[in-house]
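Let's take a walk through this protein together, one feature at a time. Have a look at the sequence and the 3D view first, then read on.

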Amino acid sequence: MVLEDDLKAAVRTIPDYPKPGIMFRDITTLLGDARAFRRAVDQLVHPWAGSKIDKVAGIEARGFILGGAVAHQVSAGFVPIRKKGKLPHQTVRMAYALEYGTDEMEMHVDAIAKDERVILVDDLVATGGTAEGAVKLLRQIGANVVAACFIIDLPDLGGAAKLRAMDVPVRTLMAFGGH
């Protein structure tokens with residue numbers, strides 16, 4: 001509980017952003033605190049220390065920061081999962097649900113080989129639509145999704161439960177009630 005409290009103290013909460021009633025959990029303050037950033041990355045990778053992880057896939061954009069650090073810690077390659085149209089080479093694409101509609105994400109078709117062990121990383125899991133789409137995208141190209149890791153869980157929105165229902169173990173470091 002001490003670790004979670006320390007890390008929570010490093011997260012800034014911005015009320016009514018991006019719209020009234022939302023409490024935005026801003027991890028840029030955690031990223032800017034060297035000790036908190038290091039502790040968060042260490043805790044995200046702890047369950048897989050010594051395991052064979054081939055790739056870490058990070059969801060745009062904060063997942064790139066965290067995913068790169070996690071990949072370094074587990075001696076794995078890093079794969080960016082980006083919004084449609086941002087990658088220069090041949091891609092595979094997956095639609096995913098947003099609060100009001102859908103969007104698409106993609107990754108390079110040759111970024112992950114069949115059966116490679118992959119950890120998915122992002123800063124926060126809320127409704128789980130983006131993470132669910134990323135898991136489906138990774139599985140579409142044959143990845144073995146070992147786990148999904150997030151700094152923050154908003155359990156009232158059900159995203160982590162949605163991923164667990166897809167047989168993806170979920171690692172989060174802290175939870176905030178509400179939105």
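Two residues are in contact when they have heavy atoms within 4.5 Å of each other. With that in hand, take H108: leaving aside neighbours within four places in sequence, H108 is in contact with L87, P88, H89, Q90 and T91. H108 is found in strand β6, residues 101–108. Helices (H or I, at least four residues) and strands (E, at least two) are DSSP runs, numbered from the N terminus. H108 and D54 are 54 residues apart in sequence, and 16 Å apart in space, C-alpha to C-alpha.

A quick word on where this comes from. This is a predicted model, where local features need pLDDT of at least 70, side-chain atom pairs count only at pLDDT 80 or more, and totals for chains, interfaces and linings use all residues. Residues are numbered from 1 along each chain as its sequence is written, and side-chain values use heavy atoms, with hydrogens and water left out.

**The cores**

We need one more pair of terms. Buried means under 20% relative accessible area, exposed means over 50%, and partly exposed is in between (1.4 Å probe, protein chains only). A nonpolar core is a set of buried Ala, Val, Leu, Ile, Met, Phe, Trp, Tyr and Cys residues joined through side-chain atoms within 4.5 Å.

The largest nonpolar core has 30 residues, and the ones touching the most other members are L30, I53, V56, I151, I152 and M174. Several elements each supply at least two residues of this core: α2 (28–32), α3 (34–45), α4 (62–74), β7 (117–125), β8 (144–153) and β9 (170–175). Zoom in on L30: not counting residues up to four places away in sequence, L30 touches L7, A10, V11, A36, F37, A40, I151 and M174. Apart from this core lies another one, of 29 residues, with V79, A143, A160 and V168 among them.

**Charged residues**

For charges, Lys and Arg count as positive and Asp and Glu as negative, while His and the chain ends are not counted. A salt bridge is a side-chain nitrogen of Lys or Arg within 4 Å of a carboxyl oxygen of Asp or Glu. A search of the whole structure finds 11 salt bridges. Here are some of them:

| Salt bridge | N to O distance |
|---|---|
| R39 and D6 | 2.9 Å |
| D26 and R12 | 2.9 Å |
| D115 and K114 | 4.0 Å |

R39 is partly exposed at 24% relative accessible area, and D6 is partly exposed at 34%. Why does D26 count as buried? Its relative accessibility is 8%, under the 20% cut-off for buried. R12 is partly exposed, at 41%. As for the other pair in the table, D115 is exposed at 53% and K114 is exposed at 64%.

Now for R25, found in strand β2 (residues 23–26). R25 is buried yet has no salt bridge. Which side chain of opposite charge is nearest to R25? That's D156, 8.6 Å away. The side chain of R25 does make a polar contact with the side chain of T13, at 2.8 Å. A polar contact is a pair of N or O atoms within 3.5 Å; within protein, one must be able to donate a hydrogen and the other to accept it, and residues adjacent in sequence count only if both atoms are side-chain atoms. Leaving aside neighbours within four places in sequence, R25 is in contact with V11, R12, T13, L124, I152, L154, F176 and G177.

D123 is found in strand β7, and D123 is buried, with a relative accessible area of 8%. Leaving aside neighbours within four places in sequence, D123 is in contact with I27, R62, L66, F150, I151 and I152.

**Aromatic pairs**

Rings of Phe, Tyr and Trp (its six-membered ring) pair if their centres lie within 6.5 Å; planes under 30 degrees apart count as stacked, over 60 as edge-to-face and the rest as tilted. The structure holds 2 aromatic pairs. The ring centres of Y17 and F24 are 5.2 Å apart with planes at 85 degrees, so this pair is edge-to-face.
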